[in-house]
Amino acid sequence: MVELLAPAGNFISLTSALKNGADAVYIGLEESNMRVNASNFSLEDIKKACDIANSYSAKLYVCANTIMRDKDVERLEEQLPYIKEYGADGIILSDIGLVDLVCQNDLEAHISVQENTSNFHALKTFEKLGVKRAILSRELSFNDIKSIVSKLKESNSTIETEVFIHGAMCMAISGRCFLSYGLYGRSANCGDCLQPCRKEWKLTFEEDENDDVINFADSDDESFIISQSYDDSYRTNFFSPKDMALIEHIPELIEAGIDSFKIEGRARSPDYVATATKVYREAIDSYNKNPKSYQYNPEWMEELEKVFNRGYDTGFYFNTPYQISENNQSKFIKKDIGKVVNYYNKIKVAEIKIWDDLSIGDEIMIQGPTTGSITHTVDSMQINKQAIEKAEKGSNVAIAIDEKLRESDFIYKLIPRGND
């Protein structure tokens, strides 16, 4: 059975992933992972995260996949016994020199996509070092992946393979990029990418006595020159690929023999994590239940389009990614409108304090560390035990909702784009 691996940048996302069917979750260790700008998890947080994952019978992997200097390795060496004691299953690494250190602490060593693993021989070498799993390069085609997995099986290899099936695509080979460092002194390879590639860039054509040149400038007019010919001038996101979505190709991926399907997104919101995990869980379960009668459900893509995305593509799996993306293409805007004051278990009613209007028929999203991320269409509201159709901002209103909420959970109203 293929593993569905979901991201978690904080405890709300962690719960959202697990409630929606993730077999495993990966989180970032503070100061040692590729998403410094996500909330991330302290060493103390990892114990709580492991306890939560264990309550769902799910695995938990810890990312320590930045470029590491000796001082970073020394810190990790001190942390690994605690990470093992707390119940984590594995460490995701980009430095193969740390494999032995991880294995000595009886943790699985997983090789990060940063290693750009692109062939069968690399996997066999990793296996000799004690590696349990390798995340394959994002630049591989589907046929490349099938060939690698087939060769592993023929050689009786036990090393596992993992691939990304959904989420952001990087402009650089396996994320090895110096654009952020060059412009801002913030290194992507140390987890601190400011994503200048996602900005809108202006491309102008100029001529001088020696050659034609291109002048690239971002929206803040920070520019640099590349010498080559071009005959156009426009403003676009040509450094920014669309997001990957392989929801339409679940049967092929399962049949290829891949061990783990990975959703990208530790820096994204809990509703993104909840939706992506739920959709891929349904697709995988549908195929496993009866492969011969499996049918792709178009509603799965409709759900994925509701949350943050830059438009969707299939990455390098079947062709070259389409490089011009847009900013957020989700169909809804989340508007912060209130918080939960109390939840009454016996009657399944939540009391919420709102600072924006709320009406019957509105779709809301509730998020919290224990609640995760859930959506609900308001179909019953009361103030002072009187049924109402609309509650004005500043009110405390009771809404009927079957799923248990918690005090201080966040309330958002989902507003279709164009109606805001």
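Trainee: Why is strand β7 (residues 160–167) described as largely enclosed by the rest of the structure?

Mentor: This is a predicted model. A residue counts as buried when its relative accessible area is under 20%. Eight of the eight residues of β7 are buried, so the strand is largely enclosed by the rest of the structure.

Trainee: Which sense of pairing does β7 have with β13 (residues 260–263), and which with β12 (residues 243–245)?

Mentor: With β13 the pairing is parallel, over four bridges; E162 has S260 as its bridge partner there. With β12 the pairing is antiparallel, over two bridges, and G167 stands opposite M244.

Trainee: Why are helices α5 and α6 called oblique to each other?

Mentor: The axes of α5 (residues 120–129) and α6 cross at roughly 45 degrees and come within 9 Å. Angles under 35 degrees count as roughly parallel, and 65 to 115 as roughly perpendicular. The two helices are therefore oblique to each other. Their crossing is right-handed.

Trainee: Which residues of α5 and α6 meet?

Mentor: F120, L123 and K124 in α5 meet I148, K151 and L152 in α6.

Trainee: What makes β19 (372–377) and β21 (386–387) edge strands?

Mentor: Eight strands form an open sheet in the order β19-β18-β24-β15-β16-β23-β20-β21, with antiparallel pairing. Both β19 and β21 pair on one side only, and they are the edge strands. Within this sheet, helix α1 (residues 11–19) packs against β18 (363–368), β19 and β24 (410–416), and its direction makes about 70 degrees with that of β19.

Trainee: How do you know that β20 (residues 381–383) and β23 (residues 396–400) are paired?

Mentor: Pairing requires at least two bridges, and two bridges join β20 to β23, which run antiparallel. Q382 stands opposite A398 in β23.

Technical notes. Residues are numbered from 1 along each chain as its sequence is written. This is a predicted model: local features need pLDDT of at least 70, side-chain atom pairs count only at pLDDT 80 or more; totals for chains, interfaces and linings use all residues. Side-chain values use heavy atoms; hydrogens and water are left out. Buried means under 20% relative accessible area, exposed over 50%, partly exposed in between (1.4 Å probe, protein chains only). Axes are lines fitted to C-alpha atoms, for helices over the stretch in contact, and angles run from 0 to 180 degrees between N-to-C directions. Angles under 35 degrees count as roughly parallel, over 145 as roughly antiparallel, 65 to 115 as roughly perpendicular and the rest as oblique. A crossing is left-handed if the near helix is turned anticlockwise from the far one by less than a right angle, and right-handed if clockwise. Contact means heavy atoms within 4.5 Å.
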